[in-house]
Amino acid sequence: MMSDPILPSAAPAHAGAAPQEQAVKVRVRDVTVSYDGAMAIDSVNIDIPDKSVMAIIGPSGCGKSTFLRCLNRMNDTISGCSVTGDIRIDEEDVTARNVNPVMLRARVGMVFQEPNPFPKTVFENVAYGPKIHGLAATRAELEDIVETSLRRAGLWDEVKDGLHKPGTSLSGGQQQRLVIARAIAINPEIILMDEPCSALDPIATARIEELIDELRQNYCIVIVTHSMSQAARISQNTAFFDRGKLIETGTTEQIFTNPRDRRTHDYITGRYG
Amino acid sequence: MQASDLSTPISQNPAFLKRMKQRSRADQRFRYYGLLAIFIALALLVTLLVSITFEARSAFTRHEVSLDLQLTDTDSRSVYRSIRGAVQNMAGDPADRDVRIEMSQLVSRLAAGGITEALQTSGVDLSATYPVRVPVSDEADRYLKGLATPVHRFDGRGYDQAGARIESDFSGAMQVIQRWHREQVSIIRHREFEPALRMRDGLARQAEAAPGDRQLAMRLAGAEHRVELIEARLSDFEARINAERLVLDEFTPSVLFRSGEGWMKAISISGGMIEAEPVISGLDPDRQRGEILVIEQPESQRSIADAQIVVLERFQTAGRISSHFNGALFSNADSSDAEFAGVLSGLVGSIMIILVTMGLAVPVGIAAAVYLEEFAPRNRWTSFVQVNINNLAAIPSIVFGLLGAAIFVNGVIIPIPFVDGVFRLGGGLGRGWPLVGGIVLALMTLPTIIIASRAALGAVPGSVRQAALAMGATRLQTVNHHVLPMAAPGILTGSIIGLAQAIGETAPLLLIGMVAFVAEMPQGATDRATALPVLIFQWSTRAERAWEPMTSAAIIILLLVMLVLNGLAVLMRLRYEK
Ligand SMILES: Nc1ncnc2c1ncn2[C@@H]1O[C@H](COP(=O)(O)OP(=O)(O)O)[C@@H](O)[C@H]1O
Ligand SMILES: [Mg+2]
């Protein structure tokens with residue numbers, strides 16, 4: 001049962017080299033979130049290592065997005081949402097009242113399920129973050145940042161002749177890479193991705209996955225995904241949520257080949273429900 | 001197997017096929033209804049525009065008369081005296097004082113004003129004659145435009161003259177007059193005789209049912225008398241239809257006869273001859289040329305006298321009457337004389353009002369909408385505010401006028417108990433100021449702008465806000481950089497609709513004191529002024545017929561202002577959407 005035949009290649013080569021020894025980037029303690037009094041996640045404790053990809057998996061409505069939004073305090077923008085508990089990034093408490101969420105969100109970038117470029121040009125989309133945070137002193141610097149970000153997002157060659165076309169005119173996969181370029185243009189420390197490939201076709205998905213694998217060298221990435229194979233391919237660590245509770249967390253290899261909890265096993269083998 | 005059985009493929013299911021047909025027919029019908037609705041709306045619009053333009057067309061031109069003035073001095077009194085003199089001269093310098101007054105009424109006293117100004121700046125040689133062009137009075141203008149009365153002209157060639165009798169072929173004139181009598185007969189029959197008959201018969205039936213009622217009997221007697229009177233008039237008119245000779249007076253059409261420089265007015269007419277009295281002497285002694293004018297409207301029913309018509313006709317034949325574009329309509333302030341009245345003061349007043357309204361309502365409205373939509377927490381207090389903004393939008397505009405008059409102009413006076421004093425809240429602004437009008441209309445427009453702006457902001461997808469916030473933008477940056485630009489077209493449209501509504505408002509402006517007659521141009525937002533819609537209202541209530549086309553012309557100008565405003569909105573929208 002532990003070496004389930006459904007997942008013969010569940011532990012890909014690079015995931016196997018899970019840098020368990022990486023320092024902890026985010027430490028989450030006793031985090032509970034409720035919407036208008038209805039609990040969405042309940043006492044979550046988790047350590048997210050730096051310079052690696054952590055996949056969050058679990059059935060719909062189990063609180064994955066809610067958990068992700070705790071990390072950049074986007075839950076603050078939802079009325080009726082209350083968050084308690086303790087979240088530390090580099091040992092610094094970011095849930096404290098005196099921490100400016102704007103400051104936090106500059107450190108923690110986010111990519112959403114539906115590609116959501118601004119209805120502006122490709123250039124302006126990527127330049128937006130550096131502009132509002134004052135990262136570029138000159139136009140040349142700004143152009144440099146835009147080009148670097150687009151290159152790192154693997155989009156430069158496709159858009160370099162159309163930087164002043166609307167970002168919304170790109171294809172879905174290009175838009176999602178544009179949004180990633182936009183996020184990394186301000187050089188954040190953590191990137192949150194909420195099902196970034198669920199609206200994309202397999203080829204675009206493959207490109208994003210490649211990109212995530214590259215970004216892992218520099219960033220701490222937390223990604224929500226519904227695809228078991230994607231989690232297995234790109235993540236080093238995996239956390240399984242169910243009904244607002246964190247059921248199990250560990251290296252991706254361990255979760256996929258040797259889950260401790262019965263529910264985890266059922267979920268990853270598709271017997272859930 | 002039944003037709004409704006699920007084992008039948010849907011394309012062979014008769015119930016489905018039948019329903020399908022019904023559905024496509026309903027679709028078709030709906031399209032036709034839509035087309036019909038659009039057609040009706042367009043037709044109404046076109047009818048409105050065409051009828052107003054048709055009404056207004058005569059206001060856009062006016063007739064002017066060229067006079068050679070013999071000036072004695074350059075002050076407006078002397079100038080007016082000279083103008084009057086020139087007109088009376090054309091009338092043959094009548095001795096009768098009433099006729100002289102009639103003549104002087106052909107040109108307004110106000111005409112002297114402009115000439116005086118010109119004279120005083122240029123200086124003038126009092127010994128020479130001074131040629132001027134002045135607008136004729138509104139009634140004369142209506143006559144020259146053919147609006148005052150139908151005029152029929154016949155050739156009077158070959159007449160024979162014997163004292164006050166003119167023998168010529170008057171059969172054409174006779175026909176016109178007989179036709180007019182026939183028309184009168186039918187008008188009297190339908191409008192007076194038949195109603196009087198019905199009244200009498202009704203009373204007679206009532207009296208029969210209540211034989212003892214003395215009051216009823218008296219009323220019946222009165223009604224019977226009336227019927228007799230009308231019957232007498234009717235038979236009088238009927239008799240005149242076929243009469244050989246007709247006596248003419250101010251209750252019948254007038255017949256004027258011109259020959260050379262001379263004019264005669266008929267006192268009786270028959271097919272081959274009129275008896276006439278001279279109006280202006282100088283009949284052509286060669287008896288070759290002549291013209292017969294039948295003025296169909298009786299003199300007692302029109303506001304231009306036969307003698308005035310004669311003078312106008314003389315000016316006309318002397319080539320001294322010309323028709324011009326009515327520039328005064330656009331360059332003058334209001335005036336009590338239609339030929340000098342213009343919409344400029346109203347236009348300026350309206351522009352000042354709308355600037356105040358725009359300056360207040362647009363920024364406040366957008367700020368309120370942004371706060372409510374983007375920043376305010378959703379709680380009982382904000383929903384209370386929202387409900388009341390909607391209520392505010394439903395308040396009739398006249399109430400805002402009352403409020404404005406009370407708060408800004410009069411002030412609210414609250415007696416303080418026990419001490420002998422009052423507390424005065426507000427007040428201090430003047431009646432009829434564009435500033436006050438602007439503030440009141442801003443209050444009225446505010447809810448419209450807030451509601452439209454909130455709808456536009458609410459239609460901006462949440463993903464844009466999330467994207468910006470997640471990038472580390474502040475709320476203000478999110479709103480300014482992304483939400484507002486996306487909502488701008490909707491906000492603009494809402495604001496323009498609100499302002500267009502405000503520009504056409506009359507009632508609140510009347511209530512804050514914009515009722516008075518203001519003949520001066522307003523100097524600023526704190527000066528008595530009038531506004532276009534108020535002007536339209538005032539002109540529509542003035543008695544002289546000449547104000548009717550003027551009112552329509554002012555309406556067209558107001559519509560044009562709105563058109564310009566809406567055009568601007570469309571332009572700005574297009575630029576934003578790029
Ligand atoms: N904005 C919200 N308001 C109220 N309830 C919410 C909101 N977002 C999520 N929830 C509730 O919280 C629970 C977890 O939702 P979510 O985090 O979106 O789940 P997942 O991303 O795992 O599908 C669900 O029961 C959902 O109904
Ligand atoms: Mg989700």
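The shell around ligand 1 divides into four nonpolar, five polar and two charged residues, where Ala, Val, Leu, Ile, Met, Phe, Trp, Tyr, Cys and Pro count as nonpolar, Asp, Glu, Lys and Arg as charged, and the others, Gly among them, as polar. The model is predicted, so that local features need pLDDT of at least 70 and side-chain atom pairs pLDDT 80 or more, while totals for chains, interfaces and linings use all residues. Residues are numbered from 1 along each chain as its sequence is written, chains are lettered from A and ligands numbered from 1 in the order written, and side-chain values use heavy atoms, without hydrogens and water.

Residues around the ligand, with a heavy atom within 4 Å of it, include A:Tyr35, A:Lys64 and A:Ile78. Helix H2 (residues 64-71) of chain A gives the largest share of this shell, four residues; helices are DSSP runs (H or I, at least four residues), as are strands (E, at least two), numbered from the N terminus.

| Residue | Part | Distance |
|---|---|---|
| A:Cys62 | backbone | 3.3 Å |
| A:Gly63 | backbone | 3.1 Å |
| A:Ser65 | side chain | 2.6 Å |

Chain A places 20 residues in contact (heavy atoms within 4.5 Å) with 15 residues of chain B. Five residue pairs between these chains are in polar contact, both residues at pLDDT 80 or more.

How values were computed: A polar contact is a pair of N or O atoms within 3.5 Å; within protein, one must be able to donate a hydrogen and the other to accept it, and residues adjacent in sequence count only if both atoms are side-chain atoms.
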